[in-house]
Amino acid sequence: MRLTVTYLIGVVFGTGISLSGMANPAKVLNFFDFFGSWDPSLAFVMGGAVAVAFFGYRRALARPAPLFDPHFQVPASRVIDARLIGGSAVFGIGWGIAGFCPGGALPALGTGNPDVLIFTAALVAGMLAARTLMRLSANLTLKGLIRA
Amino acid sequence: MTTEFTPLASLAGGALIGLAAVALMAARGRVFGATGILAGLLSPASSGDWVWRAALLAGMLTGPWVYMAAAGSFPAIDVPVSTPALLLGGLLVGLGVSYGSGCTSGHGVCGLARLSPRSITATLSFMASTAATVYLVRHGIGG
């Protein structure tokens with residue numbers, strides 16, 4: 001039951017991505033191409049998603065706990081640092097080069113499109129590389145070789 | 001290449017994305033971030049943690065098939081960039097979302113909806129750098 005509901009929530013997300021155009025790099029890149037073939041559609045995706053989530057979250061979080069789990073696990077950090085801003089900036093450079101973001105690419109994998117597979121393989125490689133780099137720098141910091 | 005302006009389909013698609021985010025919060029108490037879901041699949045905290053993420057991902061992959069059932073074809077995926085660009089872009093996205101702790105869905109939808117200062121900052125950062133990158137690629141470098 002829990003897994004079925006979780007699966008269906010994924011279906012709703014994947015259908016929304018498919019309908020919205022977020023899985024289409026040509027459309028995504030045109031949204032950012034203000035001085036060329038501008039297509040403002042993505043503003044409607046973000047607007048629709050944020051509006052529904054804003055009001056829906058208020059109702060969902062008003063309950064004492066989620067339906068299937070003991071408590072809510074909402075990100076609690078409030079730290080705004082170079083890592084957050086720099087990491088997000090690097091994400092944007094990659095998004096601007098490829099036209100896919102993770103939330104757009106994962107549902108699109110379901111079509112078997114080879115370009116989506118190529119992008120997702122590189123995405124996973126990047127995430128694993130980041131994890132290795134973080135571990136490495138944590139070790140070096142522990143040993144006092146670099147400053148925190 | 002130009003693409004057709006699709007305000008209604010995009011708004012409806014966005015509303016479904018928002019609905020999924022709300023449902024995941026109501027059912028499992030989690031934000032719907034593609035980065036977090038994928039990262040948790042790559043190194044799960046426990047087998048139970050892996051299973052719900054796998055179920056969610058399986059549902060996401062089914063989305064284009066639901067679209068196909070309704071529209072008669074898969075959603076358009078037009079890739080106006082080269083394979084090396086996909087590889088470089090994918091690698092940078094993977095690095096960036098790991099250090100930035102999220103992407104368009106986690107920060108851009110769930111975080112903005114929670115009015116999280118971190119997510120607002122992250123979203124401004126990646127929207128600006130994406131726009132700058134697209135400008136440079138299309139109009140700056142020999143464009």
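**Exercise 1. Describe the fold pattern of chain A and its overall dimensions.**

Solution. Reading along the sequence, we find that chain A follows the pattern α-α-α-α-α-α, with six helices and zero strands, where helices (H or I, at least four residues) and strands (E, at least two) are DSSP runs numbered from the N terminus. The model is predicted, so that local features need pLDDT of at least 70 and side-chain atom pairs count only at pLDDT 80 or more, while totals for chains, interfaces and linings use all residues. Residues are numbered from 1 along each chain as its sequence is written, and chains are lettered from A and ligands numbered from 1 in the order in which they are written. Next, the C-alpha atoms of chain A fill a box of roughly 50 × 50 × 30 Å along the principal axes. Finally, the radius of gyration of chain A, taken over C-alpha atoms, is 19 Å, whereas a compact globule of 148 residues would have one near 15 Å, by the rule of 2.2 Å times the number of residues to the power 0.38.

**Exercise 2. Work out whether the length of helix H6 of chain B agrees with its number of residues, and state which parts cover its buried residues.**

Solution. Helix H6 of chain B runs over residues 117-140 and has 24 residues. Among the buried residues of H6(B) are B:Arg118, B:Phe126 and B:Val134, a residue being buried if 20 or more other C-beta atoms, placed from the backbone, lie within 10 Å of its own. Their cover includes helices H2 (25-32) and H4 (82-98) of chain A, together with helices H4 (83-100) and H5 (104-113) of chain B.

**Exercise 3. Identify the residues that touch the most other members of the largest nonpolar core, and describe the contact between the chains.**

Solution. A nonpolar core is a set of buried Ala, Val, Leu, Ile, Met, Phe, Trp, Tyr and Cys residues joined through C-beta atoms within 7 Å. The largest one has 80 residues, of which A:Ala49, A:Ala53, B:Ala20, B:Ala21 and B:Val22 touch the most other members. Its largest share, twelve residues, comes from helix H1 (residues 7-28) of chain B. Turning to the two chains, whose residues are in contact if their C-beta atoms lie within 7 Å, we find that 103 residues of chain A and 102 residues of chain B take part.

Terms used:
The expected span of a helix is 1.5 Å times one less than its number of residues. A residue is buried if 20 or more other C-beta atoms lie within 10 Å of its own, exposed if 12 or fewer, and partly exposed in between; C-beta atoms are placed from the backbone.
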